[in-house]
Amino acid sequence: MRNGIGLCHCKGVIHRDIKPKNILITDSLEAKITDFGVAIVPHLQEGITPEHAGSPLYMAPEQLRLEKVTNQCDLFSLGVVAYELLTGKHPFEGRNMDAIKYRIQDTPATPVHEFRADIPDIYQRIIDKALAKNPEHRYKSGADFAGDLSLVYD
């Protein structure tokens, strides 16, 4: 992830809109992050009132509450994308946006094995950490997230 979201974070950029539509796969199967239209560089935004920016279906709980945005918000969004890749479902499905916001902020995602019994338990631990409601319990960096994913292949 050092050449994707990790590189953005190392440069101080928070994307704020990680979702499947903004992740392109090259012919060589390399993921590329696109659409930096709502990205921010926090140290350049000091004193600016937070605003909703991004796609609510992929926003971290603190992002929905207009709290401080950090790279953990992008990692939460990436966790949503990973969940969808593994299950074919959104982890916080709801009848309307209010229901989805409630689920993102207050309800754990349905365990992945309920949709796919063949998924190893390690994926559930990775998803749980990526989708933690409290950013302090989430991955600190894209490299940490990638490191755990690499354990699957060891």
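This is a predicted model: local features need pLDDT of at least 70, side-chain atom pairs count only at pLDDT 80 or more; totals for chains, interfaces and linings use all residues.
A polar atom of the Ser-141 side chain lies 3.1 Å from the backbone nitrogen of Asp-144.

Setting aside residues up to four places away in sequence, Ser-141 touches Asn-71 and Leu-75.

## The nonpolar core

The largest nonpolar core has 31 residues, and those with the most contacts inside it are Phe-76, Phe-92, Leu-131 and Phe-145. The elements that give two or more residues to this core are H3, H4 and H5, and of these H3 gives the most, with eight residues.

Phe-76 counts as buried, at 0% relative accessibility. Leaving aside its neighbours within four places in sequence, Phe-76 is in contact with several residues, among them Tyr-58, Met-59, Ala-60, Pro-61, Phe-92, Ile-104, Leu-131 and Arg-138.

## Aromatic pairs

A pair of aromatic rings is described by the distance of the centres and the angle of the planes. The structure holds three aromatic pairs, and one of them is formed by Phe-76 and Phe-92, which are stacked, with 6.0 Å from centre to centre and 10° between the planes. This pair links distant parts of the chain, given that Phe-76 is in helix H3 while Phe-92 is in the loop between H3 and H4, 16 residues apart. Phe-92 is buried, with a relative accessible area of 1%.

Another aromatic pair is formed by Tyr-83 and Phe-115, and this one is edge-to-face, with 6.5 Å from centre to centre and 85° between the planes. Tyr-83 lies in helix H3 and Phe-115 in the loop between H4 and H5, so the pair ties together parts that are 32 residues apart in sequence. The two partners fall into separate classes of accessibility, for Tyr-83 counts as buried at 1%, whereas Phe-115 counts as partly exposed at 36%.

## Helix H4

In helix H4, which covers residues 97–106, the residues Ile-100, Arg-103 and Ile-104 are buried. These three cover an arc of only 100° around the axis, which puts them on the same side of H4. An α-helix has 3.6 residues a turn, so residues three or four places apart point the same way. The buried residues of H4 pack against helix H2 (61–64) and helix H3 (71–87), and Ile-104 in particular is among the residues in contact with Phe-76.

The N-terminal end of H4 is capped by Asn-96, where a side-chain oxygen lies 3.1 Å from the backbone nitrogen of Asp-98.

## Arg-16 in a loop

Arg-16 lies in the loop between helix H1 (5–10) and strand E1 (23–25), and Arg-16 is buried, with a relative accessible area of 10%. A polar atom of the Arg-16 side chain lies 2.6 Å from the backbone oxygen of Val-38.

## Salt bridges

Side chains of opposite charge can pair when their charged atoms come close. A search of the whole structure finds five salt bridges, including one between Lys-19 and Asp-17, in which the closest N and O atoms are 3.6 Å apart.

Lys-32 forms a salt bridge with Glu-30, the closest N and O atoms being 3.7 Å apart. Here Lys-32 is partly exposed, with a relative accessible area of 39%, and Glu-30 also counts as partly exposed, at 29%. In a further salt bridge the side chains of Asp-118 and Arg-116 meet at 2.8 Å, N to O. Asp-118 is exposed, with a relative accessible area of 55%, while Arg-116 counts as partly exposed at 32%.

Terms used. Residues are numbered from 1 along each chain as its sequence is written. Side-chain values use heavy atoms; hydrogens and water are left out. Buried means under 20% relative accessible area, exposed over 50%, partly exposed in between (1.4 Å probe, protein chains only). Helices (H or I, at least four residues) and strands (E, at least two) are DSSP runs, numbered from the N terminus. The arc is that of the directions from the helix axis to the C-beta atoms. Contact means heavy atoms within 4.5 Å. A polar contact is a pair of N or O atoms within 3.5 Å; within protein, one must be able to donate a hydrogen and the other to accept it, and residues adjacent in sequence count only if both atoms are side-chain atoms. Rings of Phe, Tyr and Trp (its six-membered ring) pair if their centres lie within 6.5 Å; planes under 30 degrees apart count as stacked, over 60 as edge-to-face and the rest as tilted. A nonpolar core is a set of buried Ala, Val, Leu, Ile, Met, Phe, Trp, Tyr and Cys residues joined through side-chain atoms within 4.5 Å. A salt bridge is a side-chain nitrogen of Lys or Arg within 4 Å of a carboxyl oxygen of Asp or Glu.
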